Amino acid sequence: MKLGRDFFARPAPLVARELLGQRLVHLDGGVRRAARIVETEAYHGPLDRASHAFRGPTPRAGIMFGGAAVAYVYVIYGNHGCMNVITGRPGEPSAVLLRSAEPLTGCHHSTRGPGNLCRALGLGRDRHNGLDLGGATLFFERDDAPAGRIVATPRVNVASAGPRWAARRWRFLLASSDWISGPDRGRYSSQLSSSRR
DNA sequence: CCAAGGATTGGC
DNA sequence: CCAATCCTTGGA
C-alpha cells in the first residue's frame, strides 16, 4: 500500500518520525530498488534557519512552497544528491530529508547517509527533483511491521543556523538499526551499546 | 561577475 | 583532520 498525499500533508517533524520503518521504492527502468528508512530530518517552516526555504522561494527552494508529496532532490558539495519529501501545506515550506536507510532490493551501494542513499537507489536531481510521489516511478510503501524505538536528536551539520535551530531535535532514527549515519552511528543499537564501556 | 559556504563523503 | 567539487546565493 502506497503512502498517499494526506500522509505527507502534515507538519514535517511528524512526517519525519512516521516515515521511519517505511519503504522507499524506485522503479528504475524495470529494476526495483527499495530501502527501509531508518533516519530522517525535518526542515520546517519559513523561520527555520537550517532550511533551504529560509531565504524564501529561491530557484532551488521554491519547490518547498508548492505542496506535499513531491520529491526535492538537490546536489551538495558538488557530487552528492540528497533526497527530501515535501510536506505540509502549500505556501508553508517544509520537507523531510531522507538521511539513511537499510537496503532491501536493487541497491548497488551503501544506503548509509543521504548522499549514499541517493546513489544506491539511483536517485538524482536531473531525473527526480519535482517528481510526484503518487506516480509509478518513485513512492513509499507502508510497512506495518513495528518500527522499534525512536530516538530524536539535533540535526546533523546545521551549526551555522545558530544555536536556537541547531539544538532543535528534528532528527529521528530507529535506535535498533545498524544503518544509522553520522558521528553517533551505532550509539543507540542494543548490540553496540551493550558492548561498550 | 565574484566570493563564500554548504542538510557530505572518504581518505589520511 | 581535511580536501574534493560545483551549485546556490547574495552582494558589488
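Which residues form one aromatic cluster? Phe7, Phe8 and Phe140 do. This is a predicted model in which local features need pLDDT of at least 70 and side-chain atom pairs count only at pLDDT 80 or more, while totals for chains, interfaces and linings use all residues. Residues are numbered from 1 along each chain as its sequence is written, chains are lettered from A and ligands numbered from 1 in the order in which they are written, and side-chain values use heavy atoms, without hydrogens and water.

**View 1. The aromatic pair of Phe8 and Phe140.** The ring centres of Phe8 and Phe140 are 5.6 Å apart with planes at 50 degrees, so the pair is tilted (centres within 6.5 Å; planes under 30 degrees apart are stacked, over 60 edge-to-face, the rest tilted). Phe8 is buried at 1% relative accessibility, and Phe140 is buried with a relative accessible area of 1% (buried means under 20% relative accessible area, exposed over 50%, partly exposed in between, with a 1.4 Å probe and protein chains only).

**View 2. The aromatic pair of Tyr72 and Tyr74.** These rings, of Tyr72 and Tyr74, have centres 5.4 Å apart and planes at 35 degrees, so the pair is tilted. Tyr72 is buried at 2% relative accessibility, and Tyr74 is buried with a relative accessible area of 10%.

**View 3. Surroundings of Asn84.** Asn84 counts as buried at 5% relative accessibility. Beyond neighbours within four places in sequence, the contacts of Asn84 include Tyr72, Tyr74 and Val96 (contact means heavy atoms within 4.5 Å).

Terms used:
Rings of Phe, Tyr and Trp (its six-membered ring) pair if their centres lie within 6.5 Å; planes under 30 degrees apart count as stacked, over 60 as edge-to-face and the rest as tilted.
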